[in-house]
Amino acid sequence: MSAEMAPGAEQPVAQPDQAVLLRLSALLAQSNILPEDVEQIEGLQVSNWEVVTKNNEGEAEVTQLHGTRARLKTKSAQKRRLADYLSQADPVLIPPVELNTVEEDAEIERIMVVPDIQAGFRRYADGTLEPTHSEESVDIMLQLIRDTQPDRIVLNGDNLDFPTLGRHEQEHFFQNTLKPSINYVHGVLALMRSAAPNAAIVYLAGNHEQRLEKYIAQKAPELYDLVQAGSDERMLTVPFLLNLKKLGIEYRSGYPANEYYLSDKLKIIHGTKAKSNTSTVAGLARTESESVIQGHSHRAEIAAYTRKRSRFGKVIGDMIMAASFGTLASIVGRVPSYGSAVDNEGRPVTNIENWQNAMGYVELCRATGDVALMQTIHIRTFDEQRPFATRFNGKTYLPRRKFVAAESYQPAALPAA
């Protein structure tokens with residue numbers, strides 16, 4: 001053992017020699033203490049002594065023994081944890097990455113879902129018409145269809161409001177607005193067909209379209225089967241009044257049982273449920289046997305539910321998705337609802353509904369029918385800088401000039417697509 005002066009110390013500090021360090025290391029190993037956990041060594045004692053034993057021949061042998069004792073101050077468990085888990089990550093060599101340009105997948109089918117438009121008007125004493133639908137949202141919908149060129153477009157019901165044909169108490173100012181409402185929707189559908197000439201367009205009847213069927217059957221049953229001379233097509237129906245055949249649009253009647261299957265794993269309905277203070281579609285995801293898109297609720301919601309099932313002894317999981325893509329109707333009180341009201345002049349009082357202006361975009365795998373993408377396209381109705389601004393596919397859409405509110409809506413009266 002040698003001794004030297006430590007810096008700033010008055011007494012020499014003993015430094016252990018190599019043999020003592022080796023014995024100390026062995027002592028740490030026997031005690032399951034890592035050398036890096038030792039903060040301080042105190043009271044280091046090294047002892048040497050001789051032991052006399054007899055060998056097999058009965059002769060005395062002297063053995064030198066050594067002993068090492070020390071008090072150790074080790075790191076706390078917390079400090080060990082910090083050292084073990086909060087140390088800086090090891091450096092990683094990052095190779096250069098080549099960016100691939102992904103071309104549009106021909107195996108993906110693209111679908112635009114157009115939710116409740118609820119087109120209609122109030123007619124005031126001065127002859128002006130105020131729409132119940134959101135003309136700005138409808139305009140954005142047409143722009144999106146033009147740019148996206150979807151394979152299919154599905155209108156999932158309640159595109160005509162028909163307030164005067166409903167069973168609820170009617171406002172006086174809805175009188176004499178059926179013709180402009182029908183002309184308006186026909187004009188929108190004509191622009192839709194012009195914007196996407198190759199798309200399959202399907203129109204599902206909702207509960208508001210059903211108002212016409214019920215009204216004719218109850219109020220004028222003699223006119224129910226009225227047909228045009230030389231034709232077998234009933235005239236007082238939504239597809240005839242909107243001239244859907246000329247536009248190449250398929251109509252699915254029979255609400256609420258009517259359904260339209262995009263694939264065997266995804267269907268579209270109009271729906272019968274609308275919960276105002278909780279999710280409408282969450283329950284659908286748990287109860288439907290395939291993914292489903294519904295309208296009716298005017299809410300923008302998507303929910304998913306994964307169920308476990310067995311197939312030939314193998315446990316697999318199925319993800320069921322349910323969605324509602326909002327509405328293209330006015331959401332500030334112009335649509336008759338439980339919370340709406342009008343003033344003494346018959347004009348609607350501003351009442352912001354718990355609805356959302358939006359529409360839907362879906363991508364399907366052609367080979368399997370699986371949902372590859374289900375997306376809500378949100379229309380930012382109340383954007384302070386740019387009302388109705390809509391962001392989709394890397395582009396911002398803004399409404400162009402408002403549609404002309406006139407006595408008779410013709411496609412020429414609407415802005416060009």
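Tutor: A cavity here is a set of grid points where a 1.4 Å probe fits but cannot get out, and a residue counts as lining it if one of its atoms lies within 4 Å of such a point. The model is predicted, and every value that follows is to be read with that in mind. The structure holds one cavity of 30 Å³ or more, and the largest cavity has a volume of about 40 Å³. Its lining is made up of A119, F162, P163, T164, T177, L178 and S181, which by class amounts to four nonpolar and three polar residues, with no charged residue among them.

Two of these lining residues, L178 and S181, fall within the range of helix α4, which runs over residues 178-195. This helix has 18 residues and spans 26 Å from its first C-alpha to its last, close to the 26 Å expected at 1.5 Å a residue. Helix α4 is also mostly covered, with 15 of its 18 residues buried. The C-alpha atom of V188 lies 8.1 Å from that of V138, although the two residues are 50 apart along the chain.

Across the whole structure, a search finds four aromatic pairs. In the pair of Y124 and F173, the ring centres are 5.7 Å apart and the planes stand at 55°, so the arrangement is classed as tilted. Both Y124 and F173 are buried. A second tilted pair is that of Y203 and Y251, with 5.2 Å from centre to centre and 50° between the planes. Because Y203 lies in strand β9 (residues 200-204) and Y251 in strand β10, this pair links parts that are 48 residues apart in sequence. Y203 counts as buried, at 0% relative accessibility.

Y124 has a further contact, as R347 lies over its face at 3.9 Å from the ring centre. Elsewhere, the charged end of R234 sits over the ring of Y224, 3.9 Å from its centre.

Most residues other than glycine have a negative phi, and most peptide bonds are trans. Against that background, Q149 has a positive phi of about 50° although it is not a glycine, and its place is in the loop between α3 (135-148) and β8 (152-155). Q149 is partly exposed, with a relative accessible area of 32%. N243, likewise not a glycine, has a positive phi near 55° and lies in the loop between α6 (238-241) and α7 (244-247), where it is partly exposed at a relative accessible area of 33%. The peptide bond from Y255 to P256 is cis, with omega near 5°, and P256 belongs to the loop between β10 (249-252) and β11 (260-263).

Finally, the open spaces. The largest pocket has a volume of about 1300 Å³ and is lined by 41 residues, of which H168, H208, R211, P336 and Y338 lie nearest its centre. That lining divides into 12 nonpolar, 18 polar and 11 charged residues. The second largest pocket holds about 290 Å³ of space, and of the 14 residues that line it, K265, D318, M319, I320 and D370 are the closest to its centre. The elements giving two or more residues to this lining are β14 (300-311) and β15 (314-325), with β15 giving the most, four residues. By class, the lining of the second largest pocket has four nonpolar, two polar and eight charged residues, whereas the lining of the largest cavity has no charged residues.

Notes:
Residues are numbered from 1 along each chain as its sequence is written. This is a predicted model: local features need pLDDT of at least 70, side-chain atom pairs count only at pLDDT 80 or more; totals for chains, interfaces and linings use all residues. Side-chain values use heavy atoms; hydrogens and water are left out. On a 1 Å grid over the protein atoms alone, a cavity is a set of points where a 1.4 Å probe fits but cannot get out, and a pocket is an open set with protein on both sides within 12 Å along at least five of seven lines; lining residues have an atom within 4 Å of a point. Grid points are joined across faces, edges and corners, and a volume is the space filled by probe spheres set on the points. Ala, Val, Leu, Ile, Met, Phe, Trp, Tyr, Cys and Pro count as nonpolar, Asp, Glu, Lys and Arg as charged, and the others, Gly among them, as polar. The expected span of a helix is 1.5 Å times one less than its number of residues. Buried means under 20% relative accessible area, exposed over 50%, partly exposed in between (1.4 Å probe, protein chains only). Rings of Phe, Tyr and Trp (its six-membered ring) pair if their centres lie within 6.5 Å; planes under 30 degrees apart count as stacked, over 60 as edge-to-face and the rest as tilted. A charge sits over a ring if NZ of Lys or CZ of Arg is within 6 Å of the ring centre and within 35 degrees of the ring normal.
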